[in-house]
Structure formats: C-alpha cells, structure tokens
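Subject: Structure handover

Hello,

Please find the structure below, followed by notes on what was found in it.

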Protein chains: 2
Amino acid sequence: MKKKNKRVNAAILIIGNEILSGRTQDKNTSFISNWLNSQCGISVNEVRIVPDIEKTIIKHLLEISKNFNYVFTTGGIGPTHDDITAKSISKAFKVKYEYHNEAFKILENYYGKSKFNEGRKKMAKMPRGSKLIYNPSSAAPGFIFKNILSLPGVPSILNSMIENCKKYLIKGSKIHSKTLNLFTVESNISKQLSSIQKKYKKFVDIGSYPFFRLGKIGVSIVSRSTSKTKLQYVNRDLIKLVKLKKIEILKI
Amino acid sequence: MKKKNKRVNAAILIIGNEILSGRTQDKNTSFISNWLNSQCGISVNEVRIVPDIEKTIIKHLLEISKNFNYVFTTGGIGPTHDDITAKSISKAFKVKYEYHNEAFKILENYYGKSKFNEGRKKMAKMPRGSKLIYNPSSAAPGFIFKNILSLPGVPSILNSMIENCKKYLIKGSKIHSKTLNLFTVESNISKQLSSIQKKYKKFVDIGSYPFFRLGKIGVSIVSRSTSKTKLQYVNRDLIKLVKLKKIEILKI
C-alpha cells in the first residue's frame with residue numbers, strides 16, 4: 001500500500017521590540033524550523049516578527065492561527081510589563097487570563113514562598129484551558145492553547161523546552177533534503193535548473209543559493225521533498241548537468 | 001518653535017525557502033533595521049518571512065505595502081527559477097514585468113556581450129516604472145517600485161547597497177536609545193519598571209531583556225524615544241530604582 005503523504009505546517013510569531021529594532025538577532029526561527037523539520041516532519045511556512053503591542057499581537061494571532069496547523073510564539077512570557085503574550089492570546093480568543101494551578105505551584109516551589117513576588121506570579125498566568133510546556137532550565141513553563149504553542153524568547157531556554165512540545169504535535173511526512181555544492185555561478189546553470197524544477201514541480205522544491213568558499217564562488221543546489229525516490233531522480237538530472245557543463249563539485 | 005515629531009515606518013518582507021527551512025539564518029533584518037533607525041529615523045514595525053511562491057508573495061506585498069511607509073524585500077532577485085520577487089511585484093500591482101534599459105546596460109557591460117546569457121538578462125527585468133538601487137559589489141541592481149525597495153538576499157551584497165536606498169527615503173525623527181545593564185533578575189524590578197513605563201507611556205518604550213555575562217545573570221533595560229529629554233527623565237527614574245534596590249550596574 002502506498003504511504004500517504006501527510007503535510008503538516010506551522011507558522012512562527014516572534015514577539016519582541018528588541019528583534020524589530022535590530023538590537024537582537026533572532027535565532028529562534030532557524031532552530032524551531034530545523035527541529036520541526038527533522039523531528040516532526042512539520043514545515044514552517046511563514047514567520048512574522050511583531051512588536052510588544054497587544055492589538056498588533058492579537059491581529060496577527062487571529063490571522064495566522066487559522067491558516068496553519070500550528071503557531072509557535074516566541075518571547076513575551078517573562079515577568080515584566082512588556083511580556084504580554086499570554087494576555088494577548090487570552091484576549092484574542094476571549095478566554096480568561098488566569099493563574100494556571102500547576103504553573104503556579106511549579107514557580108512557587110522554584111522560587112520559595114518568600115521570593116515568589118508579583119512579577120514571578122505573572123508567569124503563571126495563562127489563557128484558561130492552556131496545557132503546560134515544561135521548562136527544565138528556568139522553571140517558568142510555556143503553554144499550548146488551541147493550536148498555539150508559546151515559548152520564551154531567550155534561545156537557550158527555548159532550546160531546552162522544545163522536546164516538551166513534541167507530545168502536542170501531530171507528525172507529518174518527513175521532509176528529506178539533498179544539497180549539491182557546485183563551483184559555478186547561478187547564471188551558468190539557471191536555464192537547465194529551471195527545466196529540472198519544472199519536470200519535478202509537484203514533488204520536489206529546488207533552491208539555488210550562492211556561496212563563497214576557499215576563495216571561490218559557488219552555488220548550493222538544495223532539493224527538498226517528502227519522497228526520497230523523487231530526490232534521487234532530481235539528483236541524477238543534476239549530476240548529468242554537472243558533467244555536461246564540466247562543473248567541479250565541492251565535497252564537504 | 002517646537003520641532004514636530006515625525007514618525008516614518010517600514011516593514012521587511014524576507015523572501016526565501018532557505019530562511020523558512022532553517023537552512024540559512026536571516027541576518028538582514030537586524031542590519032536593515034539598525035541602518036534605518038540610525039541613518040534615517042525609520043522604525044521597522046513588522047517583518048514577514050515567506051516562501052518562494054508567487055501568490056503568497058503577492059498576498060503579503062499587497063497587505064503590508066499599504067500599512068507601512070516603506071517595504072524592504074530581501075531575496076529572490078537573482079538569475080534562477082526560484083528568484084521571482086520582481087515578477088511577483090509586477091503581478092501584484094498589475095504592471096508590466098520588462099527589461100529596465102539602464103539595468104540591462106549595466107549588466108551587459110559587467111558580463112560582456114558574449115557571457116550575457118538568459119539567466120543574467122533576467123536580473124534586468126523589473127516592474128515597469130522601477131528606479132534602480134545600484135549594486136557596487138556584483139552589478140545586478142535592486143530597485144524601488146512604489147514604496148517597495150527590493151534588495152538581494154546575500155547579506156554582504158545587500159549591505160553594500162543599503163546607502164543607495166537613502167535618496168529614495170523620507171527621513172523620520174531620529175530614535176534615540178539608552179541601555180542600562182543591571183546585575184539583577186527581571187522579577188526583582190518588574191513592578192517598578194512597569195510604573196516607570198506607565199508614567200512615560202506616550203514618549204518612551206522601555207524593554208527589559210535578560211542577559212548572562214561574566215557568569216552572572218543580568219537584565220538590560222533599553223529605553224527608546226524620539227525625545228532625548230524624555231529618555232533622561234526615564235534614566236533618572238531608573239537610577240533611583242537601582243539605588244533603592246542596591247543593584248550593581250554593568251559598565252561596558
């Protein structure tokens with residue numbers, strides 16, 4: 001029986017003025033995307049970076065949560081005034097923004113009763129009905145509400161939590177990829193590459209990315225598909241092209 | 001006479017499967033945003049990362065080009081089949097996608113007539129009415145059409161072109177920022193920080209970002225405003241708070 005090709009997708013909503021202002025470079029997109037791809041067969045199809053403004057966050061949440069299987073938010077779940085992700089999700093879906101009992105207990109235990117102040121308590125507040133995404137590095141949990149998974153913005157903490165998202169996700173067909181690094185310029189092969197892409201249009205995505213290496217210019221040809229067989233067909237055609245044009249391959 | 005506070009904003013549309021797949025980490029957002037902030041007084045208020053799919057690019061272009069003063073696109077203006085930015089802009093605004101005379105001449109000169117092949121010629125095609133953004137590193141120009149400025153995705157090339165965008169941009173009031181790095185945790189100051197933010201709500205944006213340095217945990221308090229005076233007021237209040245809580249400041 002032929003295995004059915006199951007496409008599951010996600011979007012990422014990065015919440016934070018510090019990313020928009022250029023002060024901080026986002027590292028979470030590539031991390032989440034790589035993890036979703038390799039561990040869950042889920043493709044990230046859109047990313048948005050938005051400021052810490054409630055009505056803006058709500059607008060984007062409503063738009064993307066209905067267009068994708070999952071939305072990952074990063075940032076805005078800490079203790080300060082500019083951390084408004086949980087409250088914004090509650091407002092967007094018109095549910096109560098309230099203490100999550102288990103999150104409250106986790107944080108109270110972690111800080112100790114005497115040091116469990118207002119800011120820290122805030123991190124236990126979530127949209128009613130949320131389930132926790134445990135945080136092994138700094139206790140404050142993330143949460144999933146509907147199809148939205150909320151994670152912190154600090155990469156090291158986010159990275160430590162990502163495995164705990166797995167149980168909430170439906171897996172898609174694994175996306176395989178194959179890269180061929182060629183010492184040539186894009187325009188030398190663009191015509192033939194275009195024909196190969198057309199031939200396998202339905203099954204394989206072919207991308208072409210210039211690189212500079214060992215003092216020479218090159219192009220990485222990246223093919224991506226849920227079908228290993230189709231990837232091999234594309235690779236066969238690419239190798240033919242490489243031989244025809246007498247292009248050197250960079251072996252890594 | 002009081003100088004009028006002029007707000008000019010921009011969005012960035014990053015076009016490229018390689019960013020969404022996690023293969024390549026975007027570096028253009030922070031570069032463009034920092035440059036717009038410091039050189040033009042323009043704030044980046046939204047970023048979207050989208051795949052190399054024509055109808056998707058068109059949808060996002062139409063949405064964001066009407067919501068912001070400027071849209072910067074990155075990626076998709078090279079010679080290969082997956083470079084569809086110029087064509088997508090043409091379709092979005094229903095104008096002809098055609099050779100730009102000057103761009104054609106620049107590229108013909110650069111490559112020489114015999115090596116000016118189909119792929120390379122493609123880089124001279126733009127929406128009718130575009131004006132060029134010159135490219136000192138690899139000749140192929142970017143372009144501005146309406147309020148959309150299209151730049152390549154390769155950071156080193158983009159960086160070399162950014163100054164050539166300046167003449168097309170209306171400048172806004174410069175956004176000043178002040179950072180205070182404190183050896184404390186966010187939740188220790190979150191309540192007071194929130195009061196200070198409320199007090200200066202209309203004039204200053206205060207953000208709080210955890211850091212790890214010299215083996216210690218800290219928080220960077222970043223205040224941003226078009227008014228230097230208001231920034232000083234905020235700083236005065238922050239210093240009061242620091243003294244009250246006996247917090248050590250990290251001098252950089």
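In which helix of chain B is Asn34(B) found? Asn34(B) belongs to helix α2 of chain B, residues 28-40. Helices here are DSSP runs of H or I with at least four residues, strands are runs of E with at least two, and both are numbered from the N terminus.

Before the rest, two notes on conventions. This is a predicted model, in which local features need pLDDT of at least 70 and side-chain atom pairs count only at pLDDT 80 or more, while totals for chains, interfaces and linings use all residues. Residues are numbered from 1 along each chain as its sequence is written, and chains are lettered from A and ligands numbered from 1 in the order in which they are written.

Back to Asn34(B). Asn34(B) counts as partly exposed because 14 C-beta neighbours lie inside 10 Å. The cut-offs are 20 or more other C-beta atoms within 10 Å for buried, 12 or fewer for exposed, and anything in between for partly exposed, with C-beta atoms placed from the backbone. Val44(B) is ten residues away from Asn34(B) along the chain, and their C-alpha atoms are 9.0 Å apart.

Chain A as a whole

Chain A has two parts: domain 1 covers 8-168 and domain 2 covers 176-249. These bounds come from an automatic or database domain assignment. Taken over C-alpha atoms, the centres of the two domains of chain A are 37 Å apart. The C-alpha atoms of the chain fill a box of roughly 75 × 50 × 30 Å along the principal axes. Chain A contains nine helices and twelve strands, and 44% of its 252 residues count as buried. Of the contacts in chain A between residues at least 6 apart in sequence, 68% join residues at least 24 apart. A contact means that the C-beta atoms of two residues, placed from the backbone, lie within 7 Å.

Cores

In soluble globular proteins, nonpolar side chains tend to be buried together. A nonpolar core is taken here as a set of buried Ala, Val, Leu, Ile, Met, Phe, Trp, Tyr and Cys residues joined through C-beta atoms within 7 Å. The largest such core has 86 residues, and Ala10(A) and Ala10(B) touch the most other members. Leaving out residues up to four places away in sequence, Ala10(A) touches several residues, including Leu36(A), Ile42(A), Val44(A) and Phe68(A). Another core, of 13 residues, lies apart from the largest one; among its members are Leu193(A), Ile196(A), Ile221(A) and Val222(A).

Ile15(B) is in strand β1 of chain B, residues 8-15. Ile15(B) is buried because 28 other C-beta atoms lie within 10 Å. Apart from neighbours within four places in sequence, its contacts include Val50(B), Asp52(B), Ile57(B) and Thr85(B). Thr56(B) is 41 residues from Ile15(B) along the chain, with 10.0 Å between their C-alpha atoms.

Helix pairs

In chain A, the axes of helix α3 (residues 54-67) and helix α4 (residues 85-92) come within 9 Å and cross at roughly 60 degrees. α3(A) is therefore oblique to α4(A). Angles under 35 degrees count as roughly parallel, over 145 as roughly antiparallel, 65 to 115 as roughly perpendicular and the rest as oblique. Axes are lines fitted to C-alpha atoms, for helices over the stretch in contact, and angles run from 0 to 180 degrees between N-to-C directions. Residues making the contact include Ile57(A) and Leu61(A) of α3(A), and Ser88(A) and Ile89(A) of α4(A).

Helix α8 (residues 186-199) and helix α9 (residues 228-244) of chain A pack at about 155 degrees, with axes 11 Å apart. α8(A) is therefore roughly antiparallel to α9(A). Ile189(A), Gln192(A) and Ile196(A) of α8(A) meet Val234(A), Asp237(A), Leu238(A) and Leu241(A) of α9(A). In chain B, α8(B) and α9(B) also pack at an angle of about 155 degrees, with their axes 11 Å apart.

Two backbone angles

Lys146(A), which is not a glycine, has a positive phi near 50 degrees. Lys146(A) sits in the loop between β7 (139-145) and β8 (148-151) of chain A. Ala139(B), also not a glycine, has a positive phi of about 70 degrees, and is found in strand β7 of chain B.

Regards
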